[in-house]
Amino acid sequence: MRAQKESRRFGARASVLVLGLVVAGAVIAPASPASAAVPGLVRVSATSVSNTADFHSATATCPVGKVLTGIGYELNG
């Protein structure tokens, strides 16, 4: 009975020690910088004609096997 109680105390102490080391390691270890690189990312662009028309449009198509992940535009002039 006494050996069982001592074993439980040792197990509890060991658990607290391990938890303390993990927390200390997380606080001390520097965080790695986040990476914004997306593997296989392809940027597709298209340009509309430059004339005096009121409305312009441009169509850009994804390469085979790629999917749209975002959109954007730039106006010049």
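**Close-up views of a predicted single-chain model**

View 1. Ser 48 has a relative accessible area of 30%, so Ser 48 is partly exposed. The coordinates shown here come from a predicted model. Ser 48 sits in the segment after helix H1, which spans 2-28. Setting aside residues up to four places away in sequence, Ser 48 touches His 56, Ser 57 and Ala 58. Ala 58 is 10 residues from Ser 48 in sequence. In space, the C-alpha atoms of Ser 48 and Ala 58 are 5.1 Å apart.

View 2. Is Ser 50 buried or exposed? Ser 50 counts as exposed because its relative accessibility is 78%, and the cut-off for exposed is over 50%. Ser 50 also lies in the segment after H1. Gly 77 is 27 residues from Ser 50 along the chain. Their C-alpha atoms are separated by 9.6 Å.

**View 3. Pro 63 beside two valines.** Pro 63 is in contact with Val 42 and Val 44, leaving aside neighbours within four places in sequence. Pro 63 and Val 44 are 19 residues apart in sequence. The C-alpha to C-alpha distance between Pro 63 and Val 44 is 8.5 Å. Pro 63 belongs to the segment after H1. Its relative accessibility is 35%, so Pro 63 counts as partly exposed. That class runs between the 20% limit for buried and the 50% limit for exposed.

**View 4. The largest pocket.** The space in the largest pocket comes to about 1200 Å³. Which residues lie nearest the centre of the largest pocket? They are Val 44, Ser 45, Ala 46, Gly 72 and Tyr 73. Val 44, named here, is also a contact of Pro 63. In total, 29 residues line the pocket. By class, the lining holds 15 nonpolar, 11 polar and three charged residues.

**View 5. The whole chain, for context.** The chain has 77 residues. How many helices and strands are there in the chain? There are one helix and zero strands. The helix is H1 (2-28), and Ser 48 lies in the segment after H1. Buried residues make up 0% of the chain. The accessible surface of the chain is about 7900 Å². Carbon and sulfur atoms account for 61% of that surface.

Note on methods:
Residues are numbered from 1 along each chain as its sequence is written. This is a predicted model: local features need pLDDT of at least 70, side-chain atom pairs count only at pLDDT 80 or more; totals for chains, interfaces and linings use all residues. Side-chain values use heavy atoms; hydrogens and water are left out. Helices (H or I, at least four residues) and strands (E, at least two) are DSSP runs, numbered from the N terminus. Buried means under 20% relative accessible area, exposed over 50%, partly exposed in between (1.4 Å probe, protein chains only). Accessible areas come from the Shrake-Rupley method with a 1.4 Å probe; for residues, only the protein chains shown count as cover. On a 1 Å grid over the protein atoms alone, a cavity is a set of points where a 1.4 Å probe fits but cannot get out, and a pocket is an open set with protein on both sides within 12 Å along at least five of seven lines; lining residues have an atom within 4 Å of a point. Grid points are joined across faces, edges and corners, and a volume is the space filled by probe spheres set on the points. Ala, Val, Leu, Ile, Met, Phe, Trp, Tyr, Cys and Pro count as nonpolar, Asp, Glu, Lys and Arg as charged, and the others, Gly among them, as polar. Contact means heavy atoms within 4.5 Å.
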